[in-house]
Amino acid sequence: MQPLHWFVLALAVLVIALVIRGLRIVQQAEVVIIERLGKYHTTLTSGINIIWPFFDKPRKIVWRFLVPGAGGETSTYVLREMDRIDLRETVYDFPRQNVITADNVLIEINALLYFQITDPIKAVYEINNLPDAIEKLTQTSLRNIIGELTLDQTLTSRDTINQKLRILLDEATDKWGVRINRVELQDIMPPPDIRIAMEKQMRAERDRRAVILEAEGQKRAVILQAEGKREAQIAEAEGSKQSEILRADGEAAAIQRVANAEAEAIRAITKAVGEGGADPTKYLIALKYLETLKQIAGNTTNKVVFLPFEATGVLSSLGGIKELLQEKV
């Protein structure tokens with residue numbers, strides 16, 4: 001091969017190498033910070049990008065990766081340098097750390113942190129080792145917040161702690177181009193003796209609630225029985241009342257009918273007796289006397305018969321009947 005051919009071949013290889021080094025393909029939701037001769041030049045976004053080889057270089061950033069443990073061992077986090085910045089939301093699971101509450105109780109807390117890089121330039125140039133800075137800031141902020149709360153407040157104010165911690169971290173990391181989206185406390189572990197005391201307290205509280213619920217149930221049952229008995233008595237009284245009213249209405253209607261019949265009979269008798277010239281009043285009185293005497297005589301229990309003092313009235317009445325009969329004859 002001629003020297004010229006070797007030169008052309010070497011030039012072609014060089015051009016291909018330059019093209020390969022100058023061609024940058026960035027994936028979606030990723031960016032690359034490019035420095036030219038050590039100074040920030042541009043930010044490569046998703047897609048195909050071209051840079052000058054040997055002059056332009058991507059600025060690397062330290063990132064945290066979760067490496068699964070081999071053979072069932074616990075996964076661990078490792079720090080690596082990478083030239084691409086992931087703009088997606090990232091979650092950090094911080095290991096348990098000891099925190100002292102306001103009432104001097106040592107507890108262990110671990111937390112989850114969800115954050116997202118919003119300004120990759122600040123994330124590269126404003127802070128060194130961003131994952132480590134976020135972890136240390138989270139630990140110190142969590143200790144400050146828990147240090148202002150008692151153990152009971154810490155156990156019952158988890159949402160409040162999450163909100164306060166998120167706001168505090170978001171304000172602190174804003175200058176690093178990071179937005180804290182959410183903070184979640186996972187486990188709050190008091191010392192063993194405190195946990196035993198808490199379990200006893202919870203057991204006593206459950207027993208107390210059970211006794212109260214049982215008493216409330218018995219009280220409710222007695223009230224319901226009394227209400228049922230009262231409603232039954234009211235219903236029975238209403239039934240008796242309606243029964244008496246109906247019976248009285250029936251008796252009144254019967255009396256009214258009897259009275260109407262007697263009135264009709266009296267009118268008929270008066271008319272019949274009056275036509276004969278006799279006194280209808282005497283006739284009617286005599287009939288009443290006779291009916292009364294018949295009832296007295298028919299009563300087997302009474303052995304003494306009392307006659308009206310004015311016997312002449314009775315006799316005059318009987319005389320009226322006699323007159324009537326004579327006239328009829």
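What follows is a set of questions and answers on this predicted model.

Student: How many helices and strands are there in the protein chain?

Tutor: The protein chain has eight helices and 11 strands. Of its 329 residues, 24% count as buried. The accessible surface comes to about 22900 Å², and 58% of that belongs to carbon and sulfur atoms.

Student: How many aromatic pairs does the count come to?

Tutor: The count comes to four aromatic pairs.

Student: Why is the pair of Y40 and Y125 called edge-to-face?

Tutor: Check the distance, then the angle. Ring centres must lie within 6.5 Å to pair, and those of Y40 and Y125 are 6.1 Å apart. Planes over 60 degrees apart count as edge-to-face. Here the planes stand at 85 degrees, so the pair is edge-to-face.

Student: What makes this a link between distant parts of the chain?

Tutor: Look at the positions. Y40 is in strand β3 (residues 39–44), while Y125 is in helix α2 (residues 120–125). The two are 85 residues apart.

Student: Why does Y40 count as partly exposed?

Tutor: Buried means under 20% relative accessible area, and exposed means over 50%. Y40 has 34% relative accessibility, so Y40 falls in between and is partly exposed. Y125 is partly exposed too, with a relative accessible area of 33%.

Student: What makes the pair of Y92 and F94 edge-to-face?

Tutor: The ring centres of Y92 and F94 are 6.2 Å apart, and the planes are at 85 degrees. The centres are within 6.5 Å and the angle is over 60 degrees, so the pair is edge-to-face. Both Y92 and F94 are buried. Ring pairs also link Y92 and F94 with W63 and F115 into a cluster.

Student: How do you know that R64 lies over the face of Y77?

Tutor: Two tests apply. CZ of Arg must be within 6 Å of the ring centre and within 35 degrees of the ring normal. R64 is at 4.0 Å from the ring centre of Y77, and R64 lies over the face. R182 lies over the face of Y114, at 4.2 Å from the ring centre.

Student: Why do β9 and β11 stand at the edges of their sheet?

Tutor: The open sheet has three strands in the order β9-β10-β11, with antiparallel pairing. β9 (90–100) and β11 (178–189) each have a single partner strand, so one side of each is left without a neighbour in the sheet. Neighbouring strands are turned by 25 degrees against each other on average, direction ignored.

Student: How do you know that β10 and β11 pair?

Tutor: Count the bridges. Pairing needs at least two. Strand β10 (residues 106–117) is joined to β11 by 10 bridges, so the two strands pair. Q116 stands opposite R179 in β11.

Student: Which helices lie across these strands?

Tutor: Helix α3 (residues 130–146) lies across β9, β10 and β11, running at about 40 degrees to β9. Helix α5 (residues 158–173) lies across β10 and β11, at about 145 degrees to β11.

Student: Why is N104 called exposed?

Tutor: The cut-off for exposed is over 50%. N104 has a relative accessible area of 68%, so N104 is exposed. N104 is found in the loop between β9 and β10. N104 has a positive phi of about 60 degrees although it is not a glycine.

Student: Where does N129 lie?

Tutor: N129 lies in the loop between α2 and α3. N129 is not a glycine, yet has a positive phi of about 60 degrees.

Conventions:
Residues are numbered from 1 along each chain as its sequence is written. This is a predicted model: local features need pLDDT of at least 70, side-chain atom pairs count only at pLDDT 80 or more; totals for chains, interfaces and linings use all residues. Side-chain values use heavy atoms; hydrogens and water are left out. Rings of Phe, Tyr and Trp (its six-membered ring) pair if their centres lie within 6.5 Å; planes under 30 degrees apart count as stacked, over 60 as edge-to-face and the rest as tilted. Helices (H or I, at least four residues) and strands (E, at least two) are DSSP runs, numbered from the N terminus. Buried means under 20% relative accessible area, exposed over 50%, partly exposed in between (1.4 Å probe, protein chains only). Axes are lines fitted to C-alpha atoms, for helices over the stretch in contact, and angles run from 0 to 180 degrees between N-to-C directions. Contact means heavy atoms within 4.5 Å. Accessible areas come from the Shrake-Rupley method with a 1.4 Å probe; for residues, only the protein chains shown count as cover.
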